[in-house]
Amino acid sequence: MSEPSSVPAGTGSSAHPGSSDGSSAHPQSPVGPLVRKAAALDAADELRALRDLFTLDDATVYLDGNSLGALPRHVPARLQDVVGRQWGELGIRSWSESGWWTAPERIGDRIAPLVGAGPGRIVVGDSTSVNVFKAVIAAGRLLDPAEPARDEILLDATTFPTDGYIARSAARMTGSPIVPVDPADLSGALGPRTAVVLLNHVDFRTGRLHDLPGITAAVHEAGGIVVWDLCHSAGALPVGLDAHGVDLAVGCTYKYLNGGPGSPAFLYVAERHQERFDSPLPGWNSHTDPFSMAPDYAAGDGAVRGRVGTPDILSMLAMDAALDVWEGVRIEAVREKSLALTDFFLECVEAYAPRGRVRSLTPAAHAERGSQIALRCAEAPAVMEALIGRGVVGDLRRPDVLRFGFTPLYTGFADTERAARVLGEVLGEVPDTL
């Protein structure tokens, strides 16, 4: 894998003192050419009309969709129907008449094409953390009991903290040793003791995209089961769960899928594993006959085994409505635009940022890049605060990482140029502490 790319600075903000749209920039400034390039790229963008489907303030450049996606305009009215008519008028009848009971599987089938899964393989419900727990424990239960020495849980050493907390708890419960490993070094850590491997598809700090097909094949060759966390890739790039033989996967819906704050997560169970998928949380919703109220548990068929308790209907149906924006959208087109946006952002940062003030942690190679750019900056907290104050919303990962998420459904190239230009201006004003 490539080393983090360096973003040298261009002329700095003092060399391009133009207005916010670049109209009064000096002729030798990079602002004019980059503004014109952004306009040309926006004009050629096949996804540009989708921006109108979202509630966005044109005075703000929103580059935090890798934490919380923007609100689709139609969701409030749809949710009002759920509250006023489905709940208010129909009441409990909506479990059947409004399709509440089957929502976890139905919505799972809507997400499935975005991550390369066939119908009946994804169930929606609970949080990502809860689904990670289900998947890690269930993965161990899928192993051949004739191989008791296969006991190690390999954990992405750079993982989002919750995944690590959950994996370590699962290890304590099962008596399994945890082996932290950098995904780049995974092949050397695989062996006859490998049981379960838990990895992030895209690193949340750096935006590095890991080799899902190659790693999955390597884990299988070693005899293990792999669990992928898709939180930073679902809705941003093709995943190919079925095509690449992934065993289990989890993901959130409030980032690139725009499902709303705390919207339910999803769990993928490969078809070949469904008859043996043994959830550690066998709630009544996953029972083969939930309303029998039987004292003994009998698992239902298919992905329904991933259900636990009563679905959180209000947030689930808000997220269901949000998925309407994906109608007719090719995930391949989303990926193409994502790479173009992040390439252009790096080009603009190189032109606008004072030399040496920021360095990209995100790989330059397209095959290794998710849909965000992470810049290391010694003054990151002060810089991000100033950026947000000027209408460029990214986020901060302490102590020194500026993160900018690019959501191709609503982020444009003019947004991208403006964000980089304001970043250059802010860096020119915030004292260099190095």
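**Salt bridges, burial and backbone in a predicted model**

In this predicted model, the side chains of arginine 51 and aspartate 415 meet in a salt bridge, with N to O at 2.8 Å.

Colleague: How many residues apart in sequence are the parts that the pair of arginine 51 and aspartate 415 ties together?
Modeller: Arginine 51 lies in the loop between α1 (31-43) and β1 (61-62), whereas aspartate 415 belongs to helix α12 (residues 413-429).

Colleague: Which helix holds both arginine 85 and aspartate 81?
Modeller: Arginine 85 forms a salt bridge with aspartate 81, and the closest N and O atoms are 2.7 Å apart. Arginine 85 is partly exposed at 35% relative accessibility, and aspartate 81 is partly exposed as well, with a relative accessible area of 26%. The two residues are four apart, about one turn of the helix, and both lie in α2.

Colleague: Which elements do the buried residues of α2 pack against?
Modeller: In helix α2 (residues 75-87), the buried residues are Val75, Val82 and Gln86. The packing partners of these buried residues are α3 (94-97) and α9.

Colleague: Where does arginine 390, the salt-bridge partner of glutamate 429, lie?
Modeller: Glutamate 429 forms a salt bridge with arginine 390, the closest N and O atoms being 2.2 Å apart. The pair links distant parts of the chain, 39 residues apart, with glutamate 429 in helix α12 and arginine 390 in the loop between α11 (380-389) and β11 (392-393).

Colleague: What is the relative accessible area of glutamate 429?
Modeller: Arginine 390 is partly exposed, with a relative accessible area of 35%. Glutamate 429 is exposed, and its relative accessible area is 51%.

Colleague: Which side chain of opposite charge is nearest to aspartate 229?
Modeller: Aspartate 229 lies in strand β6 (residues 225-229), and among the residues it touches are Asp163, His201 and Val250. Aspartate 229 is buried yet has no salt bridge, for which a nitrogen of Lys or Arg would have to be within 4 Å of a carboxyl oxygen. At 8.3 Å away, the nearest side chain of opposite charge is lysine 255.

Colleague: Where is asparagine 258, whose phi is positive, placed?
Modeller: Most residues other than glycine have a negative phi. Asparagine 258 has a phi near 60°, and the residue is buried, with a relative accessible area of 2%. Its place is in the loop between β7 (248-251) and β8 (266-269).

Colleague: Is methionine 293 buried or exposed?
Modeller: Methionine 293 also has a positive phi, of about 55°, although it is not a glycine. This residue is found in the loop between β8 and α9 (313-322). With a relative accessible area of 57%, methionine 293 is exposed.

Colleague: What is the omega of the peptide bond from arginine 398 to proline 399?
Modeller: Most peptide bonds are trans. Proline 399 lies in the loop between β12 (395-397) and β13 (401-405). The bond from arginine 398 to proline 399 is cis, with omega near 5°.

Conventions: Residues are numbered from 1 along each chain as its sequence is written. This is a predicted model: local features need pLDDT of at least 70, side-chain atom pairs count only at pLDDT 80 or more; totals for chains, interfaces and linings use all residues. Side-chain values use heavy atoms; hydrogens and water are left out. Buried means under 20% relative accessible area, exposed over 50%, partly exposed in between (1.4 Å probe, protein chains only). Contact means heavy atoms within 4.5 Å. Lys and Arg count as positive and Asp and Glu as negative; His and the chain ends are not counted. Lists of a residue's contacts leave out its neighbours within four places in sequence.
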